[in-house]
Amino acid sequence: QLQLVESGGGLVEPGGSLRLSCAASGFTLDVYAIGWFRQAPGKEREEVLCISSSDLTFYAESVKGRFTISREKGTVNLQMNSLKPEDTAAYYCAATDWLGLAGCPLSYDYWGQGTQVTVSS
């Protein structure tokens, strides 16, 4: 059973940066499509970006140019730059077997517990 763990959340000032990581103990995430989601209080969960098993990426318009997803040594990182207060949310990574070549998977099989990102001065 793949158990995902997110790390790297915290409090940052507007304009600052954070780097989140998604890992699975004892497993490499290289063979999975990985999505990063966020959910702010009172709002629906949204998928902000994903990376396929062949490293194709897809970014939501709200984060394009500011967030970057990448793989590193079996984990998946989310680099967030130029953070805005509206980026404040709990961030979750999710994984699934998926061989699609465009967009993000329609559903994910494995989810992490989330890490909180707060952007505030």
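**Reading an aromatic cluster**

Ring pairs link F37, Y108 and W111 into a cluster. This is a predicted model, where local features need pLDDT of at least 70, side-chain atom pairs count only at pLDDT 80 or more, and totals for chains, interfaces and linings use all residues. Residues are numbered from 1 along each chain as its sequence is written, and side-chain values use heavy atoms, with hydrogens and water left out.

Me: How is a pair of aromatic rings described?

Reply: By the distance of the centres and the angle of the planes. Rings of Phe, Tyr and Trp (its six-membered ring) pair if their centres lie within 6.5 Å; planes under 30 degrees apart are stacked, over 60 edge-to-face, and the rest tilted. There are four aromatic pairs here. F37 and W111 make a tilted one, 4.7 Å centre to centre with 50° between the planes.

Me: Which parts does that pair tie together?

Reply: F37 is in strand β4 (residues 33-39) and W111 in strand β10 (residues 110-111), so the pair joins parts 74 residues apart in sequence. Strands here are DSSP E runs of at least two residues, numbered from the N terminus.

Me: And how are Y108 and W111 paired?

Reply: Edge-to-face, because their ring centres are 6.1 Å apart and the planes sit at 70°.

Me: Is F37 buried or exposed?

Reply: Buried, at 8% relative accessibility; the cut-offs are under 20% relative accessible area for buried, over 50% for exposed, and partly exposed in between (1.4 Å probe, protein chains only). Y108 is buried too, at 9%, while W111 is partly exposed at 30%.

Technical notes: Helix = DSSP H or I, 4+ residues; strand = E, 2+ residues; numbered from the N terminus.
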